[in-house]
Each structure stands twice: as structure tokens, then as C-alpha cells.
Amino acid sequence: MDFPPIALLGQAVVNGIFAGAVYALLGLGLSLSWGLLRQINLSVFAIALSSGYLTYEMSSRGFDILLALLILPPLFFGLGVALQWGLERFKVASFNSLLITFGLTIIVEAVLQLIWTADVRRVESHYSDIKLRFADLFFPAPELIALALAVAVSLALWQVSRRTDIGKAMRAAAEDPAMAAAFGIDQNGLALILGGVDAAVAALGGIGIALVYTLAPSQIYGWLGVVFACVMLGGLARPLGPLIAGCAIGIVEALTMTVASPSWAPLVSFSLLLVVLLARPGRA
Amino acid sequence: MTSFNRRDFIATVGSLAAIAPLGALAQKPTGQPIRVGGSLALTGGLASLGLIHKLVGEMYVEQLNQRGGLLGRPVEWVLKDDQSRIDLTRTLYEQLVNSDKVDLLIGPFGTGAILSAMGVAQRYNKAIVHHTFGIPELAKYDQQFASWALGASPEVTMPKNVLDALGSVGKTPKTIAVVTSKFPSVQFIAIGARKEAEKRGIKEVLYLEWEFGNREFGSIAGRIKAADPDLIWVGGNALDGNQLLDALKKIDYQPRNHFHQYPSPGPLAAAPEGNNALTVTIFENHSPFTDTPAAAAFAKGFKERAKAANLPYTEPETQAAASYAAWQLIEAAVTATKSIDDKTLSTWLRANTVETVAGKLRFNGPNNTGDDLNRIKQVQGGAWKTVWPAAYATSGTRLIAN
Amino acid sequence: MRRSMSILTGLAAILAILPFTGFPASYEALLYLIFLWTTLAVSWNILSGFSGYFSFGHGAFFGIGMYTTGYLSTKMGLPFLATLPIAGLLSAAFAALIGAIAFRVHSVRGELFSLLTLAATFVIATIILNTSIDGGSGIYMSAVTVPSLAPTPSGTLYLLALLVTFATLLIALLVYHSRFGTGLFAIHDDEDAAEVMGVPTFRFKLAALVISSALAGVIGGVNALFVSYLTTVETFNVLTPLTVVLMAVLGGTRHWAGPAIGATAITLLLYSFTGGDSAVVGKIVMGVLLIAVILFMPNGLLGRLAVRRNRPRSADIAAVPERRAVVTQGSGEAAVLLRTSKLAKSFNGIHALRGVDVEVRRGEILGLLGPNGSGKSTFINVVSGHYLATAGTAVLRRDRISTLPAHRVARCGVSRTYQIPRPFSGLTVLENVALTAMFGVAQLGRAEAEAEAWKWLGFTGLAQHAAALPDALNLHQRKFLEFARALASGADLLMLDEVLSGLTPSEIDNAVEMIRRIRDQGTTIIFVEHVMRAVHALCDRVVVFNRGEVLASGAPGEVLSRPEVITAYLGRKDQTVDTAPASAPGEIEASLAA
């Protein structure tokens, strides 16, 4: 087997980063609610696909996709708050949150199928014709947009978490809810905001999926494994975690696909995950 | 050959179908309904195709009953949703046979589900007509009948057809890249393509496999571009081809010739990068496929229903035609033998040729196979045009090869 | 338990006869599906529900079983029945490998374990897909003969599935009522405490994982013939492990039969929506139902049943427990029970213990004093085996315990209480105490352990709370529960970590009296404390730690008036520590004896 040329390897790294961007957007919501609220919110996938479908719908009616960036995150922020309110109201903890959100996901999948049928859909936008080229490497516009979104959101959340009072309050509440409450931190309010933010970020992830990939109701589950992996690898509730881990996994997969038979890619990425999880001192 | 003349038979079915719109003239079916039972993947991963089969089945049964049903009795379709799970498929077929006690079975679509249903049919010695079965050599039951004529060895005939088609316009490729999903019904044909290419002295410059459900085609595209083949054989399902072509476009590579195994027809034609994509088809909505009244009515009817059901692509093609043909097989056999006994029907089917919208089907080959009736079509100007063999080509159309 | 077993056996017998009675075969197929998912959910629960280690890898074990049977019966020509035990073994072997690695790593808990098992599923699926086991073409089982255990092939598969399901339920029931099960539940609530109480956590988790996966493997083997066409896409679908978790949690994970109820309910629910017209809407209804059940029954359908009831047996309450070896309280001649030699412990550069030499004599109450952060709790944690010493040794009688895992240390006769009580919140008070009797020095069987537990509950005055959960107790009672738990282990050395903190003065007097009685039973006690009057009242000797080192040791009155000790506590030379008890020792004893 000839070793692939540098350009091919370089492009693989670039592609891996692009893939990581979408993983990051999907994983951020999951990571934050898991780490800060102790809730495993599977509905981020359902939200993402719903957002993706709405993007598709807008696109097929002639609206520019970037309009979706303005409309959908706020819309889903509201939905996220509502969902979080429901979870708080019923005091749903840990693994039960996984199941309730799983139930919601089933419902959403069925609704998506009712509206858009089970056919796989693709957004055709003029953005996919635009690309940057730099030294034999290609940077297509849709992927760049998704990457920009992922980086922006990750950095923003990181700064908010570190610098602002809200961020510190959330981290305090996560570490010791009782203590935080004693210091006057309104956890319910924080949880609602967080729920909204998670949903909004997931909605961005959905726009990313619509831009770069395909949409089908059953695909909700196709993202589960790799996104969970990014979340855990990146460390729970670490805003930069999903992006870095996502890029790492994406790059490993892309390189595997370039150098060996592509069908081995999942083996390499998940084996790597296993090794890293076992080798490093306890985090999570 | 039975005493029932084949030509008479074709005429009968054809004229019966032609009378369909004139429902008033037909006898209203009376008596105990003949119940045909089957399952489809109406939810789950395969549901996109399930809806097509559902629409076709509903249309056919409705029109059949308008024409007087089968043997003067109304026909009822007992349809279940197997949720794209083959363990459920088996259970549902058991239920259909034992609990619902249907008279006849009609199969699901998709290789895995059909095998599941076939097992049940075999246990109870029932005939089963089914739709899109991808691996003929696995279907060993003597009372199973596939309406989609792949022939006995599609891994030989399909690559042969494709390469012959290209050769017919003087553009036999010198190099070939075979890239395929590891989906059973697709992979073995791709491997056959490699063999056929080797036999014809075509150099294989790349062979890649990806797992079913893969989303990342960037690296695959990169390797194809580096290999720069005359022909790309894409062993893909649904939107695999689209994603690959999109990835190639993003690295500024336009394939010279590309063949896709089982793509989703709508998106591939609609995408600019899908231009000149080749694939196989059993039926297209133009002459000569629509030459018989039955076929024309089928095409028109399907389009209407597809639109009403909000399907993104409303043209009838392989899936819909195979579905319709399965019903035609049942009708033909029952009408000819005046019986709903499975053994009788199976014997008749093995001994006769039936004209359907999916071609002239016969079942006397190994594993009840007949000929490979697939034609080659190509995306030209954003629409599918049949290009090979010439007899089936849309008038004035030639295969575009580079 | 006997009742459950007979119900189970009766049900199985009735179901087993069905294929021979001309029962409609379509119900056989539906019941098969119920059996399949019941086996998967119940077997999953043995590890994940009981111990709390939620595995998302059940699909992998199931898939390995399917492909083992698929491969061996087609490409190797083995008879179908012979492949089933091999399927179970291979799954178990794979699980053992995962467990041996994952459980060794201390930080792999909770979510990490879930992800590990999920990742393992993808790894296995890819390997099978890319090698000649499947290779992409799938495995078709039509040529494999179905053994004729029943009039029809589907009847045979039905019977096999029934057999496996019955075995699974039986195993779950037995585990649930066994020491093994109690250990798993303890791990679920507080793994570290369980280990220190003597539960061999690594071995138990591994055993549960192996049993769980073996059963999944065997039913996988049966299922291979049921579906008769194997593809990796279908077999390793991510929805399978998710559905298993859903079924178990719905039914209730703390009960052995909970998952069976959940599996049956969901299978029937899914099946009832298979009519062609209601397919999509049916999914919505199912989602809604699921949410409703979880919201209103968070512990699952059988959640309430899981709390076992124990009725007090009055005969046991008043009895004063006997000790195995009554040792007289010695003086200078007394044997040394525990000796530490240059025992040290650092955490990433922080030296919590800097090489301490401490001697504990049999039958004495040794006070362990010192300001906060001086290493007292660390000392206890190291001696009990919770932490591994960085240097030095600890020797109990003649055994070097500083190199042993915590559960072995417990077996040697060391027990401890926690400053902030850590009872096992899912076990009743009685079960909490019985646990250490089962896993401590005594290693009693279940029945004897419970009898022993009753005695100690009587001793500590908790007998009327035996059937309650620890959450129902107040702090004082929970501290006493810590006592009872530590004592029931039969340990010779009891380490009390600030057991009086947070108690009211009268509760303190109560506790001091209790501790004295404990010592009178022959237990040696290390007593970490800040409440000085208790120290003076109880301790024969004291050792003072400061900054990880031994500062002083000797009689309480003498040591506590040394200047360096005072400085260590207060930082100033001119203040005196309360060197004399608030009242004379005799007065306290007199008042308590009344």
C-alpha cells in the first residue's frame, strides 16, 4: 500500500476538524446538562434533527440558511427552557432523565416522520458551491460555517463560565447544590437558563447537520455513539471539551479512512477512546 | 406450459387493467374476501421505502376491487408494520398465517426482512411473492417469487450491463475505482464488478469499503481524486452517492463516469453534481415502459398518490414498479389457476411468464430466478433518462460518457 | 424467596407445555419476543441494576452470542445446540476482559463505565464486520437444522428461549437473596464504604458482569436461529442496549423481577402498534406512555416492592452479644494489636502522613488527637485499606495489612466508622448491619448474619428501626448505626472517626457509655476525637498528630498539658487546653451508671 501523499493527509486532518465541529455542537448541550445538572439529556439529538428539518424547510422555500441561525436558536431556547421546567417540576434525576428524554426522542422521531416522511433529505444551498482553497487544501463554506459556530459557541460558553457571575454560580451549584442555595444562588432559575442554552446550542448543531450532512428521522440515533464519546472524552461540563475531543475523534477517523479501509474507522476511534478513558487518572 | 395461452393471458390482464377507470362496468366483488397478508417497514430506518410500497399496494387493491376483485371476491390487504426489525417481521408473518389466517402472503421489501418472512412461508408451505430482494442466491425456497428481476447472478450481469453500455458508445473505461458500502445486498455486486473489470482488462485503481451508515466521505473522495479513475462504481444506498459526489465537488473533482448501485432517485437527479450518474432501473415513466395501458395507469396513479402523500420524489421507478408487479403476479396466478392454493399458484408461476410493469417475469431458473431485466438510466439535465439498451432508451437519448 | 421460586417454576411449566397443546404458533412467536427481551433486561439488571454500573454494552454481548452461533453453525458446521454454551462462554470471556480492565481502574465509575461498554459495542461490531466472521455479506442460517424439541421449529426456539429466560430469572432471584446480591446493592449505594466493610467489590462486579453477559450471549445464540439472517447493522443497532435499559428501569431495577415486567410491557406495547395504519402514531403513543410511567413511578413499576420487610424478633433484642474472644484489658504486658512503622501517605505532593509509628495495644482505647489537617483521618483511611500507603507498613497481629485491599483488611479484623455517617441508603438498617457480619471477620451466612445483626441493633438501641431505611434516622441514630455496623463485623480493632461530632451533650454521654461497653466486650478502639471530656473519660493513652507526624503520646492528662501540644492546637503558648475534665471521671461514670 502506498502511503498517501501529504495533501491527502492534510485534508483528512481538516475534514476531521470539520466533523468535530458538528460533534461539538451536539455534545455541548449534553455535556453541560450532564455535568452541571446531573441530567442526561438525550433530547439534544431530537432537537438537533428538528432544527435541521426546519432549516431544510426554510431552504426549500427559498430562504437563506443563515436566516435559520437567527430564528432557530431563540426558538429552541424557549423550548429548552420549557423542557427543563418540566424536568425540574417533576424532580427528575439522573438516569430517569435519560429515559424521559428517550421517550421524548421517540415522539419527536415519529412527528418528524409524519411531517416530512421517512425519506432522507438533503439541503441544497448555494453555500456548498463556495469554498476556500489554501495550498492544496479545501475549506468548503458549509463546513466552515459549522466550524465557526462551534468555535464561537465553545469559546463563549467557556468565557461565560469563567468570568461571569452566572458561570460561577452554575459551577458552584453543580459542585454543591445545598451550599450554593444557602448562598442565595437560584438553582431553578439557573437550570432553566442552562436548559435553554443547551437546546439553543443543539439547534445550532442541527443547522450544522443540515448544512453538511443528510436528514432522516431514524438518524437521530446515528449520532449517539460518537457524540457520547466526545462528551466523555472532553470531560463533563467543560465548554471546550466537546470541541477538542470531537476534533480528536474526527481526525483519527478521517486519517484511518485515508490510510486504511474506511470501514475500520469506528474501530480505531472507539479503541482510542477506550485506551484514553482507562489510561488517564479519574476525571469525569 | 399450461393450456392457458400466454398471449391470451397478457391480453386479459392488460385489458382488465384498462377497464379499471371504467369501474362501473366491472362486477362488484362479492363473498368472503380473499385476504392477502404482509408487512412493510413503515417506521424505523427503512421507512422511506415502506411508504412507496404502501401507496402502491393500496392503489392496486383499490383498483383490483373495482375490477371485480379476485375470482369475484373482494381482496383485503392485511398490512402490518415491522418497524424495520426482522425479528418482528418473522413474528408478524407467523401471526398473519396462524392468527389472522390470511389466504395469501405478500412479502416485505428488503433482503433481510424478506428472508425472515420467507422462513415463515417455508414452514407453512405457503407461496410468497416479494418485492426487492437483493441477493438471489440466498433465496432457496421453491415457493418464493421475486418481482424484481435481478436474474440469478446480478454480480455478473449488472457489471456486465454497465460496462457494455459504456462500451456501446465507445467509452470502455481503462481504469475503475470500486467504492462500496458493506451492506450485504450491495457489497457482493461491487465485488462482482471488480471481477468483471479484471476480466476485461480494466485496471482497478482503488477499492474501498465503508460501513453502512457512514457519514464521512471526505477521505474517500480524496482517495478517489488521487486515483482519478475513468469509472467510479459506487456501491451505495439512498444518499451515499450524493454525499460522495458532494465531497468530490468540495475538493474540486468531477468524476468522468460514475455508476451508483441503489441510490435514492430524486436527490441524485436533483443535485447538480449528480449529472451523468448512471444506475439501474426496472421501470421509468416513459415509453417503452409505459406502453401498455396497465403500465400507463400505474404510473399516473402512483404519481397522484405520491404527491398526495407528500413524497419528495413522485416519479414511479424500481421500488414502486416492483411493488406493483408483485401484486400483478398474485393476480395473474390466481386468475389463471382459479385457485388460491399455494402449491397450485407456485407451480403455475414456475411454468409461466407473466407480463408486468417490471418486465416479463419468469421463474424457471435456479432459485426461481429469471432474466436480469435491469436497464441503465442516466441523469441528464436534472432528470433520469433511460439510456441502455437502445430499445429502452428514451427517444433521442444516448448515454453520455467521458 | 421460596414462594417466588415456586411461582416462577409453575409459570415456566405451564408455558413449556404450550407448544404441545396445539397453541397457535403466532403466539409462540410473540411469547418468544417477550422471553428474549425479558432475558436481556433481567440479565442486564444483575450487574447494572443491582450494582449501579449502568452498562450500555448489552448489545455487544448479545451480538457476540448471535454471531458465535451464526458462525459456528454455518461456517464450522457445528450442531446448533452445541453452539449455545459456546456463545455464552465467549460473551462471558469478552465481558471478563472488559471488566478486568475497567474495574481495576479506580476512577471508572458511573458514566465512564457506561461509555466504555458502549464503545466496546462499536469496536466489536466493526471487527465482526471487517473480518471473515461476517465480512459484509451477512450470515444466512437457512441451512442450519433446528433441533426437534417441539412439534414445530418455532416451538423449539420458543422452548429454548423459555429455558434461558427461566434460568435467567432464577439466577436473578438467587442473586437477589444472596450475600452476593447484598454486596452488589452495597456497591450500588457506596462502593468505597462497601469495600472497607469487607465486600470484595472487584470480584463481585466482575462476577455480576460475567453472569449478565453469559446469559445475554446464550439468548443471542438462540435468536440467531430465530432471525436466521445476521447482519452487523441489525445485530449491533444502538437501539438495542437503550431499549434494554429502558425496559429495566421501567420495571424497576432494584427488584429481580422488575426488568421482566418492563420487558413484557414494552414488547406488548410495541407489538400492539404494528397495524399498518397506526404505525407512526403508535410510536407517539408509546413515547407518551413511557414518559408518564417514569414521571409518576420513578422507581419503576416494581419499585415499591423492592424494600424488604423485616419484622423484629423480640427474643433477640435484649440479648447482649457475646464476643468470640474475651480479652482482658492489659497493662504494659498487653499484646500489641496494631503496629505501624513509618507509615506514610502523600497525595500528589501533599504529605498527609509523614511516617508515623503508632502502637495500639489489645483491649485499650487509644485516643488519636491533633488539629485539623494533621492526618488523623488519613491514618484511619490508610489502616483500613481505603488508601494505599505510600511508604511504611501497618501490621495487625502478625499480618501486614498495609499491602492488602480494603476488603481483605476488613476480613483480618479491622473496622471503622465514618465521621459523616455513610450507611447504605438502599438497604434497611438491619441489612446494613448484617452486611458487615457477612463480609467482615465472621463471614457468616445470611441467616446467621441477620441474627448477629439483631443482637447489635439491640446493643445500640436501634432494634425498633430495623426495617427502616437509614434516611429515616436522625444523626444520633445514624451514628449508632455506624457503631452497630462496625461491631457486627466481629472486628478486633475498631476505629472511630470523630463519632461524637454533631451530637448534643446528652447524646455524647450516651455514646461514651456505649464505647465503654464496646471496649468491655474486648474490642480494641482507636478513638479520633475533638471532644476533650470524652477523650479524658475513655482513653487509656493518646497519640497526638501534627502535620502528619506523631507529636506526642502517653496518658491523656499528661500529654495534653505539654506546651508543644498546646501550641499545635492553638498556636499560642499562653493558652491552656482544657487539661482536666469538666467534672471528675468518677462523676461521669456515676451518672451514666445510674
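Me: What makes helix H15 of chain C a helix that lies across strands, and which strands are they?

Reply: H15(C), residues 376-384, lies across E3, E4 and E6 of chain C. Its angle to E4(C) is about 70°. Bear in mind that this is a predicted model.

Me: How do you know that E3 and E6 of chain C pair?

Reply: Two strands pair if DSSP finds at least two bridges between them. Strand E3 (residues 336-347) and strand E6 (residues 391-396) of chain C have five bridges, so they count as paired by that cut-off. The pairing is antiparallel. To see one bridge, look at Leu338(C): its partner in E6(C) is Leu396(C).

Me: Why are E4 and E7 of chain C called edge strands?

Reply: Follow the order of the open sheet, E4-E3-E6-E7 in chain C, four strands with antiparallel pairing. Strand E4 (350-361) and strand E7 (399-400) of chain C each pair on one side only. That's what the name edge strand refers to here.

Me: What makes domain 2 and domain 3 of chain C neighbours in contact?

Reply: Residues are in contact if their C-beta atoms lie within 7 Å. Eight residues of domain 2 of chain C are in contact with six residues of domain 3 of chain C, so by that cut-off the two domains do touch. On the domain 2 side, helix H16 (406-412) and helix H20 (505-520) of chain C each supply at least two residues. H16(C) gives the most, with three. Sorted by kind, that side has three nonpolar, three polar and two charged residues.

Me: What makes a residue of chain C count as buried, and how many do?

Reply: A residue is buried if 20 or more other C-beta atoms lie within 10 Å of its own. Of the 594 residues of chain C, 55% count as buried.

Methods
Residues are numbered from 1 along each chain as its sequence is written. Chains are lettered from A and ligands numbered from 1 in the order in which they are written. This is a predicted model: local features need pLDDT of at least 70, side-chain atom pairs count only at pLDDT 80 or more; totals for chains, interfaces and linings use all residues. Ala, Val, Leu, Ile, Met, Phe, Trp, Tyr, Cys and Pro count as nonpolar, Asp, Glu, Lys and Arg as charged, and the others, Gly among them, as polar. A residue is buried if 20 or more other C-beta atoms lie within 10 Å of its own, exposed if 12 or fewer, and partly exposed in between; C-beta atoms are placed from the backbone. Axes are lines fitted to C-alpha atoms, for helices over the stretch in contact, and angles run from 0 to 180 degrees between N-to-C directions.
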